[in-house]
Amino acid sequence: MANISGLTKTPDEANTVLIAIGANLPYAGQAALQTCHRVVAALRQVPGLTVEAVSHWYESAPVPPSGQPPYINGLVRGVASIEPEALLKALQTIETQFGRERSIPNAARTLDLDLISFGALCQTDPSLTLPHPRAHERAFVLLPLRDVAPDWVHPESGKTLADLLPGVADQEIRRIQE
């Protein structure tokens, strides 16, 4: 594959990526769970991203606690042959297409897509920090992550899911039936 734009990698440079999906407000007359299903379909259309697995769906209390409705959360494992910044831009475009409005931090939203990890890449950049700086503190990330990548190791800390899950055991979350 040609590297014409600087955003494309050759197939042997593809990276496993983990993308968290969350929503707690309806969009276009659909409940949050239906939005999440539609988002998975939208992710399958992103050039340079191959969706390999989708977690179960979970309902979780907002973090930090607030008067918001509960969230629906899941996670996609995929392979990316594009740069992390290009993938982030694609995720933000999908958020906008699904009515995401950025107001105050931790506000209720129709859609939230977070790039949790991009291979073993560790970076702190004003536009993108990898791995996601709070992923290891969130049950709504770690439980779906266990569904699709049970052997995942945090690229920065070296901790396994077994190491991280006890730290989120007190958070309110339940797997939902579809």
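Q: Before we start, what should I know about the model and the numbering?
A: This is a predicted model, in which local features need pLDDT of at least 70 and side-chain atom pairs count only at pLDDT 80 or more, while totals for chains, interfaces and linings use all residues. Residues are numbered from 1 along each chain as its sequence is written, and side-chain values use heavy atoms, with hydrogens and water left out.

Q: Why is Cys 36 called buried?
A: Buried means under 20% relative accessible area, exposed over 50%, and partly exposed in between (1.4 Å probe, protein chains only). Cys 36 has 0% relative accessibility, so it counts as buried.

Q: What makes Cys 122 partly exposed?
A: Its relative accessibility is 37%, so Cys 122 falls in the partly exposed class.

Q: How many disulfides does a search of the whole structure find?
A: Zero: the search finds no disulfides, a disulfide being a pair of cysteine sulfur atoms within 2.5 Å.

Q: Why does Leu 143 count as buried?
A: Leu 143 has 15% relative accessibility, and therefore it is buried. This residue is found in helix H3, residues 139–148; helices (H or I, at least four residues) and strands (E, at least two) are DSSP runs, numbered from the N terminus.

Q: Which residues is Leu 143 in contact with, leaving aside its neighbours within four places in sequence?
A: They are Tyr 58, Leu 165 and Ile 173, where contact means heavy atoms within 4.5 Å.

Q: Why is Ala 31 called partly exposed?
A: Ala 31 has a relative accessible area of 40%, so partly exposed is the label. Ala 31 sits in the loop between strand S1 (15–23) and helix H1 (32–43).
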